[in-house]
Amino acid sequence: MMSDRETLISVRDLQLSFGPKIIQQNVSFDLKKGSIFAVMGGSGCGKSTLLRSMIGLLRPTAGHIMVGGENYWEQDDAHRTAINRRYGVLFQSGALWSSMTVGENVALPLEMFTDLKPDAIDHLVRLKLGLVGMEHAIDLFPYEISGGMKKRAGLARAIALEPDILFFDEPSAGLDPITSARLDDLILTLRDGLGATIVIVSHELPSLFTIADDGIFLDAVTHRPIASGSPRALHDSCTLPEVTAFMHRSASIPSQTEQKAEQHV
Ligand SMILES: Nc1ncnc2c1ncn2[C@@H]1O[C@H](COP(=O)(O)OP(=O)(O)OP(=O)(O)O)[C@@H](O)[C@H]1O
């Protein structure tokens, strides 16, 4: 049962703003160990902004994020950086350095954050690339590989420091359905193999249904979360029009009159 699992991160009454503009408020949820947690909602509702506040790129304007009992944003920069060592992040583009080979990209966090000798780093780079099926591409540059391979290389870099919490922002954006399904399998393998906990922002419903077992739905109009639970449960049971429209890919949210009419058919 999800509720029996240990809580790794607790988000409470978070408010995220840019200047006077409130993007989201009253955001509260628990990230359970071993879960794949989906941040859902329409375009512009603040999914990436929430992710950025969780990984230390944007200070919330209210509320708090507890990581293993520590109030993340109350720590000094050095301690926040130490907490960040537990995190692996995969941005939408894979965000590889174009002037470095795939192997050098994966080696970078190991060179920056560990005292490991070059041989040990090389060994780990090969291991991580092997985990994502990319060892053969170690000497290739990002411009020489496909979008799916870039994502996998980005994933290898995200897991270089053996993080226990992974953050993925639209990992399957721009991938064809088969490559996207392979990435889903890989994400599940990493969760099971590394025992990682994963937060994922995605619009890709097939992917969300396959991998996510918990989540939150952010509303762009009220600037608050309006539903929580697994994408599958929200798809099957949630009757809120905003959620239904997202889950069933409707172009428009039915008006209340239309909904009432539908209920009488
Ligand atoms: N640096 C910034 N300064 C001001 N406003 C910003 C900034 N970054 C994002 N926003 C605004 O915050 C809102 C939420 O953006 P965000 O990228 O988090 O949404 P999202 O749900 O991830 O969207 P999408 O699904 O389209 O990627 C948007 O209105 C966006 O214009």
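Predicted model: local features only at pLDDT ≥ 70, side-chain atom pairs only at ≥ 80, totals over all residues.

Biologist: What makes β1 and β2 a pair?

Modeller: A pair needs at least two bridges. β1 and β2 have eight. Val11 stands opposite Phe29 in β2. Ser10 has Asp30 of β2 as its bridge partner.

Biologist: How many residues sit between the strands of that hairpin?

Modeller: Two. Gly19 takes a positive phi there, near 60 degrees.

Biologist: What is the order of the sheet that holds β1 and β2?

Modeller: The order is β2-β1-β4-β5, four strands in an open sheet with antiparallel pairing.

Biologist: Why are β2 and β5 called edge strands?

Modeller: β2 (21-32) and β5 (70-71) each pair on one side only.

Biologist: Which strands make the six-stranded sheet?

Modeller: That open sheet runs β6-β7-β8-β3-β9-β10, with mixed pairing. From one strand to the next, the twist averages 20 degrees.

Biologist: How do you know that β3 pairs with β9?

Modeller: Count the bridges. At least two are required. Strand β3 (residues 36-40) and strand β9 (residues 214-219) share four, and they run parallel. Val39 has Ile216 in β9 as its bridge partner.

Biologist: Which residues of α3 and α4 meet?

Modeller: From α3, Gly103, Val106, Ala107, Leu110 and Glu111. From α4, Ile121, Leu124, Val125, Lys128 and Leu129. By class, that contact has seven nonpolar residues, one polar and two charged.

Biologist: What makes α5 and α6 roughly parallel?

Modeller: The axes of helix α5 (residues 147-158) and helix α6 (residues 177-194) cross at roughly 15 degrees and come within 10 Å. The limit for roughly parallel is under 35 degrees. The angle falls below that limit, so α5 is roughly parallel to α6. The crossing is right-handed.

Biologist: What makes the contact of α5 with α6?

Modeller: α5 brings Gly148, Lys151, Arg152 and Leu155, and α6 brings Thr179, Leu183 and Leu186. The classes are three nonpolar, two polar and two charged.

Biologist: Where does α5 lie on the strands?

Modeller: α5 lies across β6 and β7 (165-169), at about 165 degrees to β6.

Biologist: Last, the ligand. Which residues surround the ligand?

Modeller: Phe18, Ile23, Gly41, Ser43, Gly44, Cys45, Gly46, Lys47, Ser48 and Thr49. Helix α1 (residues 47-54) gives the largest share of this shell, three residues.

Biologist: How do you know that the shell around the ligand has six polar residues?

Modeller: The shell has three nonpolar, six polar and one charged residues. Gly counts as polar and Cys as nonpolar. Gly41, Gly44 and Gly46 are in the shell, and these therefore go to the polar class.

Definitions and conventions: Residues numbered from 1 in each chain as written. Near = placed C-beta within 6 Å. Contact = placed C-beta atoms within 7 Å. Axes fitted to C-alpha atoms, helices over the stretch in contact; angles between N-to-C directions. Parallel < 35°, antiparallel > 145°, perpendicular 65-115°, else oblique. Left-handed = near helix turned anticlockwise from the far one by under 90°.
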